[in-house]
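Student: Please take a close look at one part for me: the local details that stand out, residue by residue. Keep it brisk.

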Amino acid sequence: MKDLISKKVIDIKPSGIRKFFDVANTMKDVISLGVGEPDFDTPWFVREEGIYSLEKGRTFYTSNAGLPELKGEIANYIQRKYKVTYDPDNEIVVTVGGSEGIDLAIRALTNPDDEIIIPQPSYVSYEPCVVMAGGKPVIIELEEKDGFKLVPEKLEEKITDKTKMLVLPFPNNPTGSVMKYDELERIAEICIRHDIWVLSDEIYSELTYTKEGHVSIAQIPGMRERTILINGFSKAYAMTGWRLGYACAPEIVLKQMMKIHQYCIMCAPTTSQYAAVTALRNGDQEVAKMRESYNQRRRLLIKRLQDMGLSVFEPEGAFYIFPSIKKFGMTSEEFALQLLEKKHLAVVPGSAFGDCGEGYLRISYAYSIRQLEQAMQKLEEFINELG
């Protein structure tokens with residue numbers, strides 16, 4: 001029967017994150033710092049709007065692209081935050097999470113053997129999506145010495161006459177690295193000169209801890225017309241289970257993305273869309289509170305890990321920290337498995353995010369201060385026992 005299954009799909013490796021936590025889920029009393037999910041409840045006024053929509057019987061399909069009022073609020077949000085204008089009728093589609101938006105963009109733009117450049121370490125879905133779309137993933141290895149940022153020289157090296165698109169995964173999962181305006185300008189110049197698209201995954205945009213705040217490459221002159229901007233509600237509004245995201249793109253691309261969305265999805269969940277309208281209209285204060293809490297946890301983990309003698313790159317976005325464990329002479333998977341077995345503490349091996357993530361761990365700080373303190377104590381004990 002295996003011969004009847006798509007070889008392309010069989011050859012794709014399962015997610016390194018899920019594979020590891022399948023082991024953790026079989027154990028008792030495990031402290032898990034692995035899943036990229038906020039520990040906050042969705043703000044009550046957002047949940048209340050979802051409940052109200054159900055009470056009113058709003059349980060039917062919306063238009064394929066999403067509720068007009070939600071697309072309007074998304075357009076208002078992008079304009080308010082980044083001074084970038086999108087037509088809600090023709091340049092925005094509401095998706096089932098940001099992940100669907102990524103898949104739609106890659107499939108809509110990729111022809112067989114097109115090359116899609118993917119900086120790594122990064123989110124686990126980009127590479128499989130490219131493979132399933134028939135494209136060729138071209139990996140750029142980001143380095144700690146560069147702040148895990150995409151540098152122009154490395155991008156230039158990877159561009160060929162087959163290059164179709166660059167994936168821009170900032171703020172970055174798993175490193176927490178962010179790109180600033182002047183750094184994005186240099187990347188934009190290369191993309192314009194070589195006439196390539198950019199898929200900008202900005203799902204962690206609201207969780208940026210720099211004074212400048214998040215910058216979208218769509219803000220750079222000449223880039224709005226060649227950028228597919230992906231964002232959503234999971235991280236900023238603690239709405240992971242609502243499964244809601246969106247994509248903003250020039251009409252010529254969005255029309256093609258809509259075809260795939262229509263045939264595969266129909267529309268995003270109706271209840272979630274009504275709740276998201278309220279989140280965008282009234283959620284800024286709640287987002288700010290959550291961001292400040294994450295920032296407090298971020299500073300705690302940086303200090304605790306440094307006190308243990310670990311080399312720690314300081315994350316400026318998302319809710320992950322990516323310490324090096326190279327000095328222990330173990331692979332990241334060996335280290336994480338032993339930590340799980342001996343101390344019942346679960347973190348993600350850096351190798352789950354690409355080969356260049358080897359020698360690092362991804363630790364999420366989307367957990368309470370109490371849990372983080374307990375976890376750091378267990379990690380310190382483990383490191384001391386390694387000698």
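Tutor: Buried means under 20% relative accessible area, exposed means over 50%, and partly exposed lies in between (1.4 Å probe, protein chains only). Cys191 has 0% relative accessibility, so Cys191 counts as buried.

The model is predicted: local features need pLDDT of at least 70, side-chain atom pairs count only at pLDDT 80 or more, and totals for chains, interfaces and linings use all residues. Residues are numbered from 1 along each chain as its sequence is written, and side-chain values use heavy atoms, leaving out hydrogens and water.

Now the cysteines. A disulfide is a pair of cysteine sulfur atoms within 2.5 Å. The whole structure was searched, and 0 disulfides were found. Cys191 is in none; its nearest cysteine sulfur belongs to Cys248, 18 Å away. For Cys356 the closest cysteine sulfur is in Cys129, also at 18 Å, and that is too far for a bond. Cys356 is buried because its relative accessible area is 14%.

Next, the backbone. Most peptide bonds are trans, and most residues other than glycine have a negative phi. Helices (H or I, at least four residues) and strands (E, at least two) are DSSP runs, numbered from the N terminus.

Two bonds into proline are cis. From Gln120 to Pro121, omega is near 10°. Pro121 sits in the loop between strand 3 (115–120) and helix 6 (126–132). From Phe170 to Pro171, omega is near -5°. The loop holding Pro171 runs between strand 5 (163–168) and helix 8 (181–194).

Then positive phi. Phe148 has phi near 55°. Its place is the loop between strand 4 and helix 7 (152–158). With a relative accessible area of 1%, Phe148 is buried. Met266 has phi near 80°. Met266 lies in the loop between helix 9 (251–264) and helix 10 (270–282). At 34% relative accessibility, Met266 counts as partly exposed.

Last, surface charge. Glu141, Glu333, Glu334, Asp355 and Glu358 form a patch of negative charge. Patch residues have over 30% relative accessible area and no salt bridge, with like charges joined within 9 Å and nonpolar side chains (Val, Leu, Ile, Met, Phe, Trp, Tyr) within 5 Å. A salt bridge puts a side-chain nitrogen of Lys or Arg within 4 Å of a carboxyl oxygen of Asp or Glu. Glu141 belongs to strand 4 (residues 136–141). Its relative accessibility is 43%, so Glu141 counts as partly exposed.

Terms used: Accessible areas come from the Shrake-Rupley method with a 1.4 Å probe; for residues, only the protein chains shown count as cover. Lys and Arg count as positive and Asp and Glu as negative; His and the chain ends are not counted. The place of a charge is taken as NZ of Lys, CZ of Arg, CG of Asp or CD of Glu.
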